[in-house]
Amino acid sequence: MDTEMDQIYQIDVGNLLAFNPNHRFSSAPSSREELVKECVTEGTKLVQAIADTLFNFPSTESVDGPLVQLPPPTTKLPREKHLPRPKPPTKWEEFALKKGIQKRKKDKIVYDETTDKFKRRHGYDRVNDDNDIPIIEAKASDEPGEDPFAKRLDDKKKRVDKQQKNRLQNLKSAAKAGALPSHVQLAASALPITGTKAQPKKLGKEELGDVAGLAATSTASGGKFDKKLPGEKPPKKQGKHHKYLPVVPRYGWVDEEKEQTNKVLGKLLSKHSHEILNVGKAINMYNDKKEKKKSGRSDKLKPKKDITKKKPYANKANK
Amino acid sequence: MMEIRTPKTHKAKRVLEKRAPKLVENGKKTLILHGTKTSATLSSVLMELYRLKKGGAIKYSRRNENIRPFESGGETSLEFFSQKTDCSIFAYGSHTKKRPDNLVLGRMYDHHVYDLIEVGIDNFKSLLSFSYDKKIAPHEGSKPFICFTGEGFENVPELKQLKEVLTDLFRGEVVDNLNLTGLDRAYICSAISPTKVFLTHCAIKLKKSGTIVPRIELVEVGPSMDLVIRRNRLPNEGLRKEAMKSSKDKPKKKVKNVDQDDVLGKRGRIFIPEQEVGKTPLPDKSKGVKRERREGKLKKKNKEEGSASKKHKESE
């Protein structure tokens, strides 16, 4: 847009961008406000220039308002990602190119000769379904012990695996050329260590803690002075958990140790002590202990007497 | 051993396709984050920048200690975030004694740093400090006008780079069709000195003029600040050439249901949905809706009014 004072602005309508290269701001700014005002007025002129071209475009009416077709932007800006790279041809594509094999469009519905009907090519109730064959005729080349149905399944499995392998190879070569399709990712998977296909089990947080504790206790000082990582919890106390009462009671507090012993003594010497203490059982235990000490043999080596087994004529004799 | 991994859900597949390199690209998203220390002005600058670019920006609120854009090793975190969030422009703010109120604007190519420009912020005025009629407030996500004034943008190489970066930052999506009623914001950048740029955000008021083109009035609404150029890094030539490459061929759009034949010529196929006779909406035959009733009522009303006025006239 030409005016007498300013020269041409550089306008890029596609980006709604305008540039005035000829305005000179005074090096001695009068005041901040004046400067701001000047900038805004210059800006207004630029926006007006863009609007002039924009509103003169042929517009189509729509529900929200007049729509205008914007021209493509003229300022070149760098791309955010590389241009999509061409995919290298797959092994089959190369072979087809060499042999001159053309792609043929397959119909979804195919005529089935065995039942005179039109059936679909893939899916439920399809043409030439492998599972539908009732009889397979034996050939001269067949071995007597072979199951032809199982053989068919096996062959199919082998074909599928081969196809998977080929697909992987094609994708690898595409990845090498940097043209992997966007929805596919190639990832390295871990090899199973054992002979079976069992996945190596991942240890959980608690299991790791337990294992670390075990390893720690095998050290000379029982894992007490090992350097701990930030966030590692102190080891759980192994063995019996004793609660020791304070030896010297606190000022003004009850002497807990004294209380404990008093309680036991009180129970023993009370009126109802015979109900608490089973004297018979106590005597038996004492006698048993004495006898064991005498014999010097442990219970484990003695043949155990099965008291539930009854002697056949014991009761009759008594009667 | 390699494994092929494909997305198991349609949503995941669509996300991957959106992020894949394409012939015609999506609008660039901006990543806004800050370093170890920020000042009050800087944090409000970052917040307002995020608000201006609401639909296409991601703001990180935690501080990032190991990002140093201008050092060789300090870009790895930025590149990782760029990959994770699919953002190609970033605005990194930090405040140090040596460089107070520092903002680094950078662009990425293939999630690697393409170019950087560091500016200091002076005389910042927040958008809350501007008072204006709320009716002209710009809507979120509207396409802005961008205006540059001053010979500095052509002569000084740093300002030239800043001009490009600001255009990229404010541009948003590249659109084919534009709704003229939705034009409500403009960014004004003026090179007031070879090292200083005054940036302000204004709302547009369209006023009636004699012609189809309305008269434009700008009202300052948004944040305004002075950008002082500090450091910059230009992209190396090879990378720049590669990034500026554009493919000339248009993407082939498949036209469906049309086939060409030498015998019959061009033929198209139309698919008509099944006519569900049982589900067609029956006409509303309720009493009050019938046309005769409505018209009758209207006639009656007019008659009454007519007679009332007549009576009125007679009484007078």
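What is the mean pLDDT of chain A, and what percentage of its residues reach 70 or more? In this predicted model, the mean pLDDT of chain A is 83, and 87% of its residues reach 70 or more. Chain B averages a pLDDT of 89, with 96% of the residues scoring at least 70. The model as a whole scores ipTM 0.77 and pTM 0.68.

**Confidence within chain A**

Confidence in chain A is highest in helix α2 (residues 91-99), at a mean of 95, and lowest in helix α8 (residues 314-318), at a mean of 54. Over residues 1-6 of chain A, pLDDT stays under 50. For this segment the model has 7 contacts beyond four places in sequence. Where pLDDT is low, the predicted coordinates should not be read in detail.

**The interface of chain B and chain A**

The size of an interface is often given as the accessible area lost when the parts come together. Between chain B and chain A, the buried area is about 6,500 Å², and carbon and sulfur atoms give 62% of that area. The contact involves 74 residues of chain B and 59 residues of chain A.

Polar contact links 29 residue pairs between chain B and chain A, counting pairs with both residues at pLDDT 80 or more. On the side of chain B that touches chain A, strand β11 (residues 215-233) of chain B gives the most, with 6 residues. The residues of that side divide into 35 nonpolar, 14 polar and 25 charged.

The two chains also pair through strands. Strand β4 (residues 66-69) of chain A runs antiparallel to strand β8 (residues 177-179) of chain B, and the pairing extends over 3 bridges. Within this pairing, A:Gln69 has B:Asn177 in β8(B) as its bridge partner.

**Salt bridges**

Side chains of opposite charge can pair when their charged atoms come close. Over all chains, 19 salt bridges are found in the whole structure, and the interface of chain B and chain A holds 4. Two examples of salt bridges are tabulated below.

| Salt bridge | N to O distance |
|---|---|
| A:Arg32 with B:Asp226 | 2.8 Å |
| A:Lys45 with A:Glu42 | 3.2 Å |

The bridge of A:Arg32 joins chain A to B:Asp226 of chain B. By contrast, A:Lys45 and A:Glu42 both belong to helix α1 (residues 32-55) of chain A, where they lie 3 residues apart, about one turn of the helix.

Definitions and conventions
Residues numbered from 1 in each chain as written. Chains lettered and ligands numbered in written order. Heavy atoms only, no water. Contact = heavy atoms within 4.5 Å. Buried area = accessible area lost by both parts, 1.4 Å probe. Salt bridge = Lys/Arg side-chain N within 4 Å of Asp/Glu carboxyl O. Polar contact = N/O pair within 3.5 Å; in protein donor to acceptor, adjacent residues only side chain to side chain. Helix = DSSP H or I, 4+ residues; strand = E, 2+ residues; numbered from the N terminus. Nonpolar A, V, L, I, M, F, W, Y, C, P; charged D, E, K, R; others polar. Pairing = 2+ DSSP bridges. pLDDT = per-residue confidence, 0-100.
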